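Subject: Structure for you to look over

Hello,

Here is the structure I promised to pass on. Please open it first, then read my notes below.

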Amino acid sequence: MLTALLLIPFIGGLALLLLPSSVAPVRMRSVAIVFLSLQLLLSVALLIPFDPSVGTPQLVEFTPWVSRIGLDYRLAVDGLSLPLILINAALTLVSAVCTRDISQRPRIYFSMLLLISGAVNGAFLADNLLLFVIFYELELIPLWLLIAVWGGANRGYASTKFLIFTAVSGFLILAAFFGLALVSGSVNFNITPALTENLPVATQLVLLVTLLIGFGIKIPLVPFHVWLPDAHTQASTPVSVMLAGVLLKLGTYGLLRFGLGLFQEVWPLVAPWLAIWAAISVLYGSLAAIAQSDMKRMVAFSSVGHMGYVLLAAAAATPTALLGAVFQMVSHGVISALLFLLVGTVYRKTGTRDLSVIRGLLNPERGLPLTGTLMILGVMASAGLPGMAGFISEFLVFQGSIQAFPLATLLSMVGSGLTAVYFLLLVNRAFFGRLAVTPVEDPVAHGRLDVQLAAVAPRETIPAVALALSVVGIGLIPSALSRISDSATQLMAQMPGGMG
Amino acid sequence: MNAHLPLSIQLSWLIPLYGFSGVLLSLPWATGWVKRNGPRPAAYLNLLMTVLGVAHGSLILAWVQQNGGVVIEWPWFETSGLDLRIGFDLSLTNLAALEFVTIMSLLGQVFALGYLDKEWSLARFYALLGFFEGAMAGVVLSSNLFLSYFVLEMLTLSTYLLVGFWYAQPLVVTAARDAFLTKRVGDVLLLMSVVALAAWAGSLDFEDLYAWAAQVKADGSISPLLGTLIGLGLIAGPMGKCAQFPMHLWLDEAMEGPNPASILRNSAVVTCGALVLLKVMPLLQLSPVAIDVLLIIGTISAIGGALVAIAQVDIKRAFSYGTTSYLGLVFVAIAVQQPIVAVLLLFAHGLAKALIFMSVGSVIATTNCQDITELGGLGPRMPATTGSYLIAGAGLTGVLPLGCFWCFGLLVDGLWANYPWLVPVVLLTNALTAFNLVRVFRQVFLDKPHPKTKRTPEVNWLMALPMVSLAVVVLLVPLIFHRIYPIAGVEVVSLFSMVAVVVSSLVGVVIASGIALDKFGSRSVFKPLRTLQDLLAYDFYTERFYRSTVVAFVAFLARITDAFDRLLLNRFVNRVGTSSMVSAEGLRLAVSGQTQSYVLTVLLAIVLLLSALVWWRAA
Amino acid sequence: MPVIPAEQVHAGPYPTQEELVQTLLAGQTLLDDTPDHVIQVVDVLKSYGEVLDAYSINLIYQAEEQFLNPFPVLKYLDGDLSPAKLWRHFWHDRINFEYAEYCMKAMLWHGTGGLDEYLDSPEFASNCEAIIACKRRRDPLQGLLHPLFPQFLPELIRTAATTHALGQFWRIMSDLFIDLAEAEAKGEVSSIAGVVDFIRDRLVAAAGNPITYKVRIAGQDFWVLPPEAGLTFLVDVAVPYVEAVFLRGTPFLGTVSFNAQAKQISADQSSFKYGALYADPLPSMGAGIPPSLCMQDMYRHLPERLHNWYHNCTRGEGDVRVKICQSFQKSMFCVTNAAIKGTFPHPLDSTDPAEQEANAAYANAWASRLVVARTNALG
């Protein structure tokens, strides 16, 4: 069953590549959507055999592969990876559906999208370090292509930056794993704390720090976030959705699975530093977001801030905090995907994302009222307003962390307050006031009467509405998610490294 | 679930849902799905849900009066480390507050049908009112701090949306933002305390927290610093909600919103905030500092608010600052451990203030004007509006034995023994309020008709009816008090207090009757007086103060961070990038269109990597 | 952030005051004479005519049948209490009579012209006295309130009088606009100049129509606006209406702050520029924009031809009500144009220099007000 989760997107991607290029782009999108819907169905169906009361990896599928180097084909799923599998399936589908401009090489575009989704599934399911690395690397190049080929004007710079940073990230992770194998003398790359059992503390620390930097680039944490805002601003909307909603989660997933999971002995040693790092990331992301006038850059910096909560939770490693980390990964995935979708809609209709230019989009007849309404919902969710996904996630993270790291937690909460500042600036500037899409400095043009934006067709809003509903759904019925993850996070917290 | 409880109580979870369901019911009109027909059915449906809410609340209230209060809970979110529940404390006070909130919402909604009769976005307005009402019902009934926080924050959101209702109006844009952010500051501080309490006390149930606080106080198991911080956080939330100094600015700006929402905001919402404070009150024993802060803030707000109010020329703002002032007195009452007086004052103030805002709404609807210097002579022509204003004024001050008279009497009595220095605060607030009411009354209702008030027919029945009904309720407040709390009556308030309250009111009335009325845009020629006038009219320049401190500080940090990010970090990365051996030129091939070859390259790279691995392991 | 002034809201170019004077004196139309404009103006006025018909009937019904009724719950039903009508009323499947009342209130509040003067006259006061004396005997509430609030009932009677007068005014305008559409359908009118002349001729013809109003209380008739008052259609109602609704208007809560300290609203009503010729059509159907109600009413009566025309521009059906508002503004410029043309002190082709000067002064007075209006709608 888990293998099928890899096969569906990979076969889909291959099938698309083999389609004759004469096939209409819309058809190609339909093919991609069919495969992605299948993937989503299968991911949801995974809930049936999945036993939520078991915290350890389950539904294991094992085939010896290149056992000589410790590379085995070993897949498993647990409460940590299952929500991310679901998010991946859902958001890739959303990405495909919301792809509008598909005139340019649709075949490759959609096959890359499917390839990424399959690779991400592989990384989340891999129960073998090397297998994880392979999938982790596998997702990298297609994404780079998606930015470099289908991106904005400055895509060359942004995609190169992305590639270099994430390649380094992959390299560091690989190096840490190899180093681990080298020093432990094991040929076993299965994920077990036993790997680090007899290593000297200093060695463990070196390996852990290497790993942390590797994943820190991907998450991204300050100061390794430099690639993210550029990548987002140059990437097209669907790619941003994938990047923010799914791919950043690889970093936090790795942090929890391999950082906390493998290095339990030294984890408490680095945890206080991680908490400080988290608080810095949160505040840095929030403050930088305030200063942005490009809506997409603002959302990108908010990601930097919000992923910091996951690091905070990982540092505290209490059952509540770790559950909060899972919640935060899921809710950040859904919320940031929603926000990027909406910013994308604004950009497509107005031709700009500049907050000094756009005004009054709530105008019911000529503006984008539904987009505005969903945007208000999205930013409120992101700012942690109760009843939506962001609140319960942040609450769990903060509540789980405050006793271990009171100061870092309080600072992170300040960051959560700052989220409201920049997102309110965004909403009030772009959506309130009189409708205008011309620079404010040119008052004559700014007050134009004949502002004519294309309407958003009801069909175009379906993905955003679906995401908004799930944001509210998770916020009101969080137990649906906690039921999946509670055992796994509890188990993780009870390991020696955890505080449970 | 307790099966022996009557159905009305078992179904009490419905109570906030009556309001919230209004949101869903309004959607077809609010979103424009219904294009040919007008939005009024949404309003009627909301009214219907509110009536159901009032009826359900009354049923429960009647049962609880007979059988005593119950706490009723439903599980919401249970994990290995946490158990969050939805719990309602169906006590007499809470249910009285619920009735207050729902009836206020009902009256406000009927009033809005008249006030907003030419409003095309009516459905959205009623959806927001429904949300507002649901959140308020949740706040007053909540039996645990988590739920209280949850719904308080929803209240913040609905305030933002209601103030932002006329989103295209330029001042609304900033007003909505400031209202949200100010309240949010309080909320985040409150959240810090909630999170801390959840971690240290292990439960967020009010009863458990009270027991925990008592135990901690006895054994000193948490540090005084932590206790103080928790206490300060707990009062920060209600401070923001109740528009207390220094977080009062938003209420002024929130007056940009529609008047029916202002009615609710100045009566019901602030009451909700204060009720939360009452509920966390027993926890403040952790921290004497927090209680002192409460007392100081209450005092400053009471007098500061009343002073600022008398310098306002905007008719809505003249009374919204009074809200800050009265809630300041409520804070004082809570700080000096007089919860019953606090509750009575909340009700007396809430009803009278709602009435005065209805009257003000009538004036604005008739004259298209909020500037009291441009108004005048409405008295002989608008009986319902004038009568309501007078009754509300009497209910707010201690001049006639209506609601606030008894509250002030009780408060003075309560303060006399331990806090005699606070008695003048109460009396001064009362006198200033009386002054303000008479000043506005003379200017708006007496005086000669001005151009904008030459033709002022009384408002339509949809506004007049709720106004007159509420006026009757305000007149009956002493009776209601007597039924709920038999202690409030002539027999308990000392003669001295009664005399003090009446005299202080009369002083205000007499002075206000004597002063010269403002002409449009007029200011005193006497410079010190003018300076004082401006200081008060511009609210002690609070807005300017914030802009040059907090706002400037955050903006500065944001700019610094951004500059660091762009100028240092990115530049450094670019420098390293260009000098590194990874040539951007080579990678730019992708753009040139040979993507297929790139996929091959990638696959090749992975194969190579794996081969290297095999080779390395083998070696 | 200030309210966006009219001169910053561009669509077409703004004519200068001099150009406006020239246009008026030359007898040309303000609105560009294009076939598209003819469709827009004639059809929007046709739907407006149908809406005004309903407004007029209802205002007259309210003034006559709901006179001093303290709870006029069913005032919009015109006395028809059939279940079907009640249901449509509840379901808001109806004309928004609230807008008619809004215009009436604007007229009453601005209080200009002959009708308003009469409302302050001793004759009117004595009419009121007679009515109130009769009313007080049968209504104890009013009997009680009148001595306490002596201006209460007279003010309501003034309101009713304005309501009735506006109803009579709109009766004529409604017939005019519907006839205009018929004339255009028959080919009698085919240009904007023709439209302006048609309206002018009808306004001039109706100028002297008397405006009267009487109420029936307990089987007894009372004059509120008696024929002796000599109130006539054009100068006593139409001109104040144009002043109150086309030119001055009242500030919209959705675009202007009422905050006294912000001082966005002038203290002097005569300098108000919120009327139909000044309003920004873009926020139509947004929150706090009362004319949205009228746009909705016209939308429900939109002629097929104009509806199809709208379908082919901008968002089609999506922003149709903003487009109606834009067309409506154009057509209101036409009506204003016709009114100016019909009220020149002397014939435009006069050769007498004194008469020419008087005409020029008259044109200039109008141009000075129109030059800051949204004349960009004219192009």
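Domain bounds here come from an automatic or database domain assignment. For chain B that assignment gives domain 1 (1-286) and domain 2 (290-537).

Some ground rules before the rest. This is a predicted model, where local features need pLDDT of at least 70, side-chain atom pairs count only at pLDDT 80 or more, and totals for chains, interfaces and linings use all residues. Residues are numbered from 1 along each chain as its sequence is written, while chains are lettered from A and ligands numbered from 1 in the order in which they are written.

**Chain B overall**

Chain B has 24 helices and two strands. Helices (H or I, at least four residues) and strands (E, at least two) are DSSP runs, numbered from the N terminus. The C-alpha trace of chain B spans about 100 × 60 × 55 Å along its principal axes. Of the 619 residues in chain B, 59% are buried. Buried means that 20 or more other C-beta atoms lie within 10 Å of the residue's own; exposed means 12 or fewer, and partly exposed is in between, with C-beta atoms placed from the backbone.

Contacts count when two C-beta atoms, placed from the backbone, lie within 7 Å. Among contacts in chain B with a separation of 6 or more, 82% join residues 24 or more positions apart.

**The two domains of chain B**

The C-alpha centres of domain 1 and domain 2 of chain B lie 25 Å apart. Their contact takes 37 residues from domain 1 of chain B and 42 residues from domain 2 of chain B. On the domain 1 side, the elements giving two or more residues are helices H4 (92-115), H9 (224-241), H10 (249-254) and H11 (259-280) of chain B. H11(B) gives the largest share of that side, twelve residues. The domain 1 side divides into 25 nonpolar, eleven polar and one charged. Here Ala, Val, Leu, Ile, Met, Phe, Trp, Tyr, Cys and Pro count as nonpolar, Asp, Glu, Lys and Arg as charged, and the others, Gly among them, as polar.

H11(B) also packs on helix H14 (residues 339-367) of chain B, at an angle of about 170° and with the axes 7 Å apart. Axes are lines fitted to C-alpha atoms, for helices over the stretch in contact, and angles run from 0 to 180 degrees between N-to-C directions. H11(B) and H14(B) are therefore roughly antiparallel. The cut-offs are under 35 degrees for roughly parallel, over 145 for roughly antiparallel, 65 to 115 for roughly perpendicular, and oblique for the rest. Residues in this contact include Ile263(B) and Leu278(B) from H11(B), and Leu346(B) and Phe357(B) from H14(B). The contact of H11(B) with H14(B) divides into 13 nonpolar, seven polar and one charged.

**Chain A against chain B**

Here 56 residues of chain A are in contact with 54 residues of chain B. Helix H16 (406-430) is one of the chain A elements that supply at least two residues to this side. H16(A) supplies the largest share of the chain A side, eight residues. That side divides into 34 nonpolar, 16 polar and six charged.

Look at Ala291(A), in the loop between H11 and helix H12 (295-316) of chain A. Ala291(A) counts as buried because 20 C-beta neighbours lie inside 10 Å. Not counting residues up to four places away in sequence, Ala291(A) touches Ala558(B), Arg559(B), Thr561(B) and Asp562(B).

**Backbone points to check**

Most residues other than glycine have a negative phi, and most peptide bonds are trans. The exceptions I noted:

- Val222(A) and Pro223(A) are joined by a cis peptide bond, omega about 5°. Pro223(A) sits in the loop between helix H8 (201-218) and helix H9 (227-234) of chain A.
- The peptide bond from Phe245(B) to Pro246(B) is cis, with omega near 0°. Pro246(B) is in the loop between H9 and H10 of chain B.
- Phe540(B) is not a glycine, yet has a positive phi of about 55°. Phe540(B) is partly exposed, with 16 other C-beta atoms within 10 Å.
- Lys263(C) has a positive phi near 50°. Lys263(C) counts as exposed, with 12 C-beta neighbours inside 10 Å.

Best wishes
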